[in-house]
Amino acid sequence: MYDFAYHKPSSLADAVKLLAEDPDAKPISGGMTLLPALKHRLNMPTALIDLSGIAELRGIKREGDAIVIGAMVKHFEVATDPQIMAAIPALARMAATIGDTQVRNRGTIGGSLANNDPAADYPAAALALGATLITDRRQIPADDFFVGMFTTAMEPGELLIGVSFPIPEKAGYAKLRNPASRYSMTGVFVAKGPKGVGVGVNGAASCAFRQKEMEAALAANWSPEAVANIRQPANDLNSDIHGSAEYRANLVTVMAKRAVADAG
Amino acid sequence: MNVTTHPSEGIGASVRRREDLRFLSGRGQYTDDLNRPGQLHAWILRSPYAHARIDGIDTAAAAAMPGVQAVYTAADIEAAGLGGIPCGWQVTGKGGQVMAEPMHPVLASGKVRHVGDPVAVVVAETRNQARDAAEAIAVSYTPLPALSTMAAALAPGAPLLHDDAPGNVCFDWEIGDAAATDAAFATAHKVVRFETTNNRLVPNAMEPRAAIGDYDPHSGEHTLYTTSQNPHVIRLLMGAFVLKVPEHRLRVVAPDVGGGFGSKIYHYAEEAIVTWSAAQLKRPVKWTCERSEAFLSDAHGRDHVTTAELALDREGKFLGLRVSTLANMGAYLSTFAPAVPTYLSATLLAGVYTTPAIHGQVKAVFTSTVPVDAYRGAGRPETTYLLERLVDVAAREMGMDRIEIRRKNFIRPDQFPYQTPVALQYDSGDYEATLREALRGADYAGFEARRAEAKARGRLRGIGVSTYLEACGIAPSKLVGQLGARAGLYEVANIRVHPTGSVSVFTGTHSHGQGHETTFAQLVSEQLGVPLSQVEIVHGDTGKIPFGMGTYGSRSLAVGGSAMVKAMDKIIAKGRKIAAHLLEASVEDIEFSNGQFRVAGTDRAKAFAEISMAAYVPHNYPIEEIEPGLEETAFYDPKNFTYPGGCHICEVEIDPETGEVAVVAFTACDDVGRVINPMIVEGQIQGGLAQGIGQALIENTVYDAEGQLLSASFNDYAMPRATQIPSFGVSTSTTLCTHNPLGVKGCGEVGAIGSPPAVINAVVDALRDYGVTHVEMPATPLKIWSIIHAKDGAALPAAAE
Amino acid sequence: MPQVTLTVNGKSHTVEVEARTLLVEVLREKLRLTGTHVGCDTSQCGACVVQMGEDSVKSCTILAVQADGAQVTTIEGLAAADGTLHPMQEAFREYHALQCGFCTPGMVMSAIDLVKKHPQGLSEQEIREGLEGNICRCTGYHNIVKAIAAAADVMQGRTPELARAG
């Protein structure tokens with residue numbers, strides 16, 4: 001790792017100010033992705049702004065027909081929170097499959113969403129559930145938030161402070177893990193909610209995306225069979241030593257079926 | 001030896017391991033846990049290219065960086081007169097052609113030949129400073145075409161990796177009788193042909209390699225602390241060939257070592273670098289490998305491409321076997337590399353079968369990849385995989401049952417000693433016994449019902465069997481000398497009985513997970529009749545142990561343990577003389593058992609501790625005849641290899657939609673000879689099975705066409721995790737080794753040798769309805785899905801297309 | 001340089017570190033608690049797992065400055081003052097759940113957290129899934145799984161003492 005300055009602000013305002021003052025500073029939440037990258041010297045931030053001291057970024061609460069989760073809430077908390085388990089059990093189940101126990105004990109939902117790793121789990125859930133991403137300055141619908149590989153709609157210096165998930169009628173998740181990294185090779189989150197049906201896909205492409213053909217099919221007929229014959233085009237999907245684009249295309253269908261079955 | 005049994009702690013008891021207390025409380029002392037006063041840190045700059053000319057190296061900026069004490073390149077190494085990294089084995093090929101043995105420089109000289117080839121070293125006050133400075137070294141390279149595969153290296157007109165290895169060939173070697181094999185094929189009812197690649201693996205012991213060089217300017221003594229399976233071998237190779245330092249000025253210590261699996265046998269450049277630079281700088285120098293660096297610098301394993309043909313008669317008896325293998329050596333010859341595909345692999349081509357005529361050929365090839373050497377099993381897994389897949393393919397083509405064809409060709413117990421057509425003579429075994437026990441343990445008879453039940457759940461279930469043997473306990477020095485080894489492969493034990501009867505055992509083997517401190521103590525406790533608590537096992541330090549060849553090839557008990565038996569025999573012989581004197585009897589009348597020297601047929605006896613005390617306080621002692629003291633050293637040179645074997649049965653379920661293969665049951669019955677500690681033996685087998693399952697299903701080393709390693713971290717190289725490995729049913733069925741005093745054979749590698757073909761045979765069986773006849777390792781989800789998808793779109797929404 | 005105060009195995013330490021220093025580097029190099037190991041650089045192997053506060057964490061993926069003020073327990077802090085092993089340590093020994101010992105400290109620390117977070121006990125599958133973040137190259141996991149199941153029984157008061165491993 002290259003050395004850097006370290007700041008641990010205790011308020012959101014201070015954190016935003018520190019980031020505004022230094023364009024080469026980076027926020028750090030759980031650090032589960034950032035620290036391995038720094039260890040490999042892939043990144044040279046001048047300063048790390050540790051968000052763990054900011055109370056405004058914590059907490060899980062129910063607000064009307066939504067669950068609002070603070071950016072610094074850890075995967076383990078999402079997996080075990082009684083409100084989430086009651087309102088969006090699929091989200092809790094999904095969180096329980098992220099990385100490993102120690103990653104879930106440190107990694108945060110905000111870090112995962114803001115990093116937008118193509119193989120991260122949460123973006124698919126945010127898309128499928130029609131979540132709203134809340135930053136220090138605005139609210140961004142999930143559809144507009146995930147822009148590309150490791151890229152979001154957030155501006156330099158903008159901080160994610162939480163995410164609001166509309167409570168669905170039902171939701172489910174299924175994924176196949178990469179045999180080596182154990183990240184999602186392809187995962188599909190399905191939800192039937194107030195805004196209709198959402199199908200979010202992770203791991204398959206450079207950025208999580210919605211599978212709209214499946215959404216339409218499920219809106220008409222909520223059953224695994226409804227998606228079983230829908231084929232994801234392989235054109236823009238990822239291909240690597242563990243999975244070809246065609247294989248991932250197949251997994252989109254298979255995982256969608258299983259996610260619907262998981263949702264019940 | 002005369003074996004009696006102490007149920008609690010002697011031979012045959014599952015004594016809990018003595019080394020565990022320190023490991024479980026965090027008090028193990030692995031190399032990176034050690035720090036020497038005034039220690040500096042080395043960082044190694046490695047080649048980013050697979051193959052390139054080095055046009056220049058500018059170290060000035062790096063040398064000026066904070067904390068930097070020295071920057072070394074090949075020029076410094078050459079100016080100091082250091083030798084290259086030696087190879088320990090010289091194979092002579094067809095027509096007496098000696099293998100090509102290109103220089104393996106400590107630091108790349110003139111050219112780099114694989115990604116990760118060391119180019120320069122920075123030594124600084126801290127590791128971060130050394131790494132920071134390494135980034136400031138400017139190396140100008142002219143990239144040359146990469147030779148990522150053996151096919152690329154052998155292509156007509158391929159550039160040469162080494163000027164003195166024409167055609168990028170190291171050797172072209174053969175074994176067996178080609179004419180007799182041709183004659184056998186001429187009479188065959190059927191010839192079955194099979195081609196396969198044995199996938200390249202990265203050993204990945206959990207402890208990354210590390211080394212600390214230290215130098216005492218007053219005595220001129222060098223000390224190297226290193227993660228090694230064989231400190232004396234390192235002292236010999238590095239001292240005699242690289243640094244040219246005599247043994248008495250070079251101490252090599254291998255403290256607690258966190259797994260090896262072969263990868264820590266070899267003498268590596270980093271060991272020479274820290275030892276040499278410590279002497280240059282008069283300060284200790286430490287290097288600790290990062291995992292990403294380990295992928296580019298630890299020797300890899302396997303990587304054989306093989307074609308085989310099996311000739312059978314009408315009844316399914318094997319008449320002849322023809323095998324031709326390309327073996328990847330990587331960029332340079334690692335310590336054991338030439339022996340792996342030849343003497344450790346092709347000599348096993350008979351397997352457990354009576355095939356009368358065999359001819360094997362091996363062409364070894366240089367490629368611009370990390371050197372390849374022995375990894376758990378070393379040559380025997382490759383041959384076992386080849387044979388046990390070939391036999392399944394033959395059964396299918398002959399329309400025979402897979403078990404029946406094996407039974408028809410087994411070497412029977414009454415045929416031992418059995419001379420194979422490929423040099424080895426097997427001493428003992430009972431392949432039917434291990435097969436029977438494994439079939440019973442796996443409920444083989446009930447498989448079809450389980451397959452039907454799985455089918456109802458949408459899963460494809462398959463069962464696979466492997467009946468194998470291997471050759472270990474390496475090895476008779478004269479024989480291996482004829483085969484090209486540049487060292488003897490005996491083992492050494494020094495047994496020091498202290499005055500009060502406690503015992504220190506100094507062994508030339510090394511324990512890096514095998515539990516020697518427990519097993520060897522059980523052996524010594526049993527033979528000398530002293531309590532386990534009175535026995536200490538010392539290993540891993542050339543300053544304490546007379547000599548030794550180390551631990552690999554499942555040799556520690558068969559060879560090292562036999563050396564202990566021989567040394568203890570000398571102790572007992574001397575003890576009988578002392579006892580005869582004290583008991584006023586003739587030596588011939590003194591019997592020794594259960595720690596008592598007794599006058600035969602009487603109750604007159606002296607305890608072991610009384611004899612040892614008399615030896616060190618020789619007031620009443622046959623001083624005219626024998627020397628005081630009670631300490632003996634023995635060198636044991638084995639008379640033959642040992643031949644463990646057995647049967648592994650794997651059951652898998654495949655998810656046809658994703659191609660995922662789950663091992664749902666695994667049963668192994670192995671004959672490892674006499675078992676000293678069943679708990680440790682079972683643990684060794686379980687661990688080997690996990691590595692074998694890893695090879696069969698998920699582990700793979702992938703280079704791209706430019707010679708970049710794509711599977712260069714745990715993110716891309718799949719290490720077996722707890723969810724990917726089943727619970728095992730492991731048992732042993734024993735025939736004794738006939739030529740060593742303990743009757744032991746070896747258990748360290750059988751798990752990794754026997755299991756891969758059992759897994760793939762099960763995978764192929766699971767896919768039998770798809771007409772699949774072979775699946776290459778690793779049988780990843782992608783590969784299985786692609787096979788199913790290509791055969792029939794059933795797993796996909798074919799209806800929609 | 002930043003100053004960091006940690007309570008490790010019940011003892012408070014204040015150390016000066018560069019901001020880039022990892023928790024595991026403080027434990028190993030500054031406090032000389034070398035039982036916590038580093039087996040990879042991609043946060044996968046789990047040889048570095050320690051208990052921090054209520055949770056097991058990978059000490060190779062936490063900056064020391066992030067751990068400022070934390071209570072940390074390492075493998076060295078598990079046994080009682082009189083040397084009596086923690087039930088998990090005892091079970092690993094009894095069931096031969098370690099060979100080379102390198103992954104063992106992390107494995108034990110993960111296993112203890114796993115048992116604590118499953119007060120109702122654990123199935124074999126749950127144990128295997130709970131070890132997702134710990135790689136062992138020696139044992140094939142078979143005996144580790146058995147050891148954790150046995151230790152869970154002891155820690156949760158289901159049996160008075162460990163049954164001898166079969």
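**Exercise 1. Find what share of the 166 residues in chain C is buried.**

Solution. Start with the cut-off: a residue is buried if its relative accessible area is under 20%. Applied to chain C of this predicted model, that test gives 66% buried residues.

**Exercise 2. Decide how compact chain C is for its 166 residues.**

Solution. First take the radius of gyration of chain C, which is 16 Å. Then compare: the globule rule gives 15 Å for 166 residues, and the two values are close, so chain C is as compact as a globular protein of that length. For the extents, the C-alpha trace spans about 55 × 30 × 25 Å along its principal axes.

**Exercise 3. Work out the order of the strands in the open sheet of chain C.**

Solution. Begin with the parts: chain C has five helices and five strands. Along the sequence they follow β-β-α-β-β-β-α-α-α-α. Now turn to the sheet, where the order is E2-E1-E5-E3-E4 with mixed pairing. Strands E2 (11-16) and E4 (55-58) of chain C are the edges, each pairing on one side only. From one strand to the next, the twist averages 40°.

**Exercise 4. Describe how strands E3 and E5 of chain C pair.**

Solution. Locate E3 at residues 49-52 and E5 at residues 71-73 of chain C. They run antiparallel, joined over two bridges. One bridge to spot links C:Gln51 with C:Thr73 in E5(C).

Key: Residues are numbered from 1 along each chain as its sequence is written. Chains are lettered from A and ligands numbered from 1 in the order in which they are written. This is a predicted model: local features need pLDDT of at least 70, side-chain atom pairs count only at pLDDT 80 or more; totals for chains, interfaces and linings use all residues. Side-chain values use heavy atoms; hydrogens and water are left out. Two strands pair if DSSP finds at least two bridges between them. Helices (H or I, at least four residues) and strands (E, at least two) are DSSP runs, numbered from the N terminus. Axes are lines fitted to C-alpha atoms, for helices over the stretch in contact, and angles run from 0 to 180 degrees between N-to-C directions. The radius of gyration is taken over C-alpha atoms; the globule rule is 2.2 Å times the number of residues to the power 0.38. Buried means under 20% relative accessible area, exposed over 50%, partly exposed in between (1.4 Å probe, protein chains only).
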